[in-house]
Number of protein chains: 4
Amino acid sequence: MSTGEFVLRRRVQFYETDVAGIVHFSWFFRYMEEAEHALWREAGLSIHPPGSEVGWPRVAASFDFKRALRFEDECDVHLRIVEITRKTIRYECIVRKAGEQIASGTMTIACVRKAPTMRAIDIPEEIVTRLRRWLT
Amino acid sequence: MSTGEFVLRRRVQFYETDVAGIVHFSWFFRYMEEAEHALWREAGLSIHPPGSEVGWPRVAASFDFKRALRFEDECDVHLRIVEITRKTIRYECIVRKAGEQIASGTMTIACVRKAPTMRAIDIPEEIVTRLRRWLT
Amino acid sequence: MSTGEFVLRRRVQFYETDVAGIVHFSWFFRYMEEAEHALWREAGLSIHPPGSEVGWPRVAASFDFKRALRFEDECDVHLRIVEITRKTIRYECIVRKAGEQIASGTMTIACVRKAPTMRAIDIPEEIVTRLRRWLT
Amino acid sequence: MSTGEFVLRRRVQFYETDVAGIVHFSWFFRYMEEAEHALWREAGLSIHPPGSEVGWPRVAASFDFKRALRFEDECDVHLRIVEITRKTIRYECIVRKAGEQIASGTMTIACVRKAPTMRAIDIPEEIVTRLRRWLT
């Protein structure tokens, strides 16, 4: 693991495969989000603490697929933070299997206050401080 | 359609299949719930209206599987209410393809007040009245 | 519907929502694929006919999210083909609710021969002919 | 862990929750299957080895739900085999959180030969031998 990178090891489940015999592409977005939430926990945070008034909707997400994953494959989801602005965080993600690159993705999330109506707010300072370790 | 029965026609989606080439069994529970919510809409109800203090957690669910469904198959999800008690509703469900039985299931839901802590309550009278049409 | 555009009307299901109260972002990729497969059916094709030796893995997919979808919302998934190369097809997708734009996405798929090992092949001429109607 | 029981520890993911704020009930069936496949791996087996002519469709599945699981909860999926017949295997499953019972389920699977047409066959002797350790 290079500095500033978070890695989630994950095994492909049966229900993630499709009739083409490979992991359905929609699952890579969930793998990326799983790694994000695990990174936040590693930082001592939860992206959705009970009763919180702050939320983190996804603003954009993308993946490029090079190779397929199959049932019971173990893969590593490498996640790093590439930008923190006042109101958004941007991640880059690489999924590898035995070192070989399977797919690469990006995801941008925004910080919002949920009530009375959802609107963008500045990211709380403590969150920036805690996440900075994975900013590269 | 026999009296009291609700039928949802539904096509199998690609992401519902698995590497065995058939619809993953977990999806039948979602098909049954989709039919339930469509039945409630037909009754002029929503099972989850915005801001509602009443919820409908599932208490039990089961399925027996006879045959498989495959990508792009069209199936009919037959749902009927077999019991309404003071606090619960019980459904029976049959999934058919071209008339042939694929699977049969059951589901029991309970009426709860969500706050301050979740607890079972009597089903509101208007809901019983509206759903009675599908009680067999 | 403008010329060359395919539109799939779709209602948000309960299991597509998450604890934030909105459709989980991974579902938009499935909505886009549902529209794709419906477009192919409209063209007299199946993207996965039984026993076919040709497959269509996703090479890239992205979405930008502007607004949220909620339980029981009806949305329209607008899909069009923006490029057909010898071996790939590229789509653009806009999800709307009551005319308002919710999200916009793109997806590129490749034509492959599955056996003995997966490799890119030219798209069969009949498929190009049938899909051309949605090329804009 | 009592003798013969397999336990899978698992954390609730964001995409497994629904607008009611809890894990959608369909996920418990996937949790049960995840534990099954992990048990098979522990036994030196795969339930779906590449190229295998033998398959394991689900014949029946059920769950009773007592309490809810929420985002980031850690739960333990306890699985044991309660019956092995010539052609079927039956499991019982209890999902616990911090020792407290959340839900209990059952699942029956059948051994089939996939081609030329799917038909039930005797479970291979080596599989029975390897799984017997979890039969209680």
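Biologist: Leaving aside neighbours within four places in sequence, which residues is Trp40(D) in contact with?

Modeller: Trp40(D) is in contact with Leu45(D), Ser46(D), Ile47(D), Trp56(D), Ile89(D), Tyr91(D), Ile109(D), Ile127(D) and Leu131(D). Contact means heavy atoms within 4.5 Å. This is a predicted model, where local features need pLDDT of at least 70 and side-chain atom pairs count only at pLDDT 80 or more, while totals for chains, interfaces and linings use all residues. Residues are numbered from 1 along each chain as its sequence is written, chains are lettered from A and ligands numbered from 1 in the order in which they are written, and side-chain values use heavy atoms, with hydrogens and water left out.

Biologist: Which residues have the most contacts inside the largest nonpolar core?

Modeller: They are Trp40(A), Trp40(B), Trp40(C) and Trp40(D), in a core of 184 residues. A nonpolar core is a set of buried Ala, Val, Leu, Ile, Met, Phe, Trp, Tyr and Cys residues joined through side-chain atoms within 4.5 Å.

Biologist: Why is Arg58(C) called buried?

Modeller: Its relative accessible area is 11%, and so Arg58(C) is buried. The classes are buried under 20% relative accessible area, exposed over 50% and partly exposed in between, with a 1.4 Å probe and protein chains only. Arg58(C) belongs to strand 3 (residues 58-65) of chain C; strands (E, at least two residues) and helices (H or I, at least four) are DSSP runs, numbered from the N terminus.

Biologist: What does the side chain of Arg58(C) make a polar contact with?

Modeller: The partner is the side chain of Glu33(C), at 3.2 Å. A polar contact is a pair of N or O atoms within 3.5 Å; within protein, one must be able to donate a hydrogen and the other to accept it, and residues adjacent in sequence count only if both atoms are side-chain atoms. The Arg58(C) side chain also reaches the backbone oxygen of Trp56(C) at 3.1 Å. Beyond four places in sequence, the contacts of Arg58(C) include Phe25(A) and Phe65(A) from chain A, and Glu36(C) and His37(C) from chain C.

Biologist: How do you know that Asp76(A) counts as buried?

Modeller: Asp76(A) has 13% relative accessibility and therefore counts as buried. The residue is in strand 4 (residues 74-84) of chain A. A polar contact of 2.9 Å joins its side chain to that of Arg9(A). Not counting residues up to four places away in sequence, Asp76(A) touches Val7(A), Leu8(A), Arg9(A), Ile94(A), Val95(A) and Arg96(A).

Biologist: What makes Phe14(A) buried, and what does Phe14(A) touch?

Modeller: At a relative accessible area of 9%, Phe14(A) is buried. Among the residues that Phe14(A) touches are Phe71(A), Asp18(B), Val19(B), Glu33(D) and His48(D). Phe14(A) sits in the loop between strand 1 (6-11) and helix 1 of chain A.

Biologist: Why is Ala98(C) called exposed?

Modeller: Ala98(C) has 82% relative accessibility and so counts as exposed. Ala98(C) lies in the loop between strand 5 (88-97) and strand 6 (100-110) of chain C, with a positive phi of about 50° although it is not a glycine. Ala98(D) is exposed as well, at 80%, and its phi is near 50°. Most residues other than glycine have a negative phi, and most peptide bonds are trans.

Biologist: Which residues does a cis peptide bond join in chain A?

Modeller: It joins Ala115(A) and Pro116(A), with omega about -5°. A cis bond also joins Ala115(D) and Pro116(D), again with omega about -5°.

Biologist: How many cavities of 30 Å³ or more are there?

Modeller: The count is 1. On a 1 Å grid over the protein atoms alone, a cavity is a set of points where a 1.4 Å probe fits but cannot get out, a pocket is an open set with protein on both sides within 12 Å along at least five of seven lines, and lining residues have an atom within 4 Å of a point. The largest cavity has a volume of about 30 Å³, volume being the space filled by probe spheres set on the points, which are joined across faces, edges and corners. Its lining is Glu5(B), His78(B), Leu79(B), Arg80(B), Glu92(B), Cys93(B) and Ile94(B).

Biologist: What volume does the second largest pocket have?

Modeller: About 1300 Å³. Of its 45 lining residues, the closest to the centre are Val19(C), Ala20(C), Gly21(C), Ile22(C) and Arg70(C).
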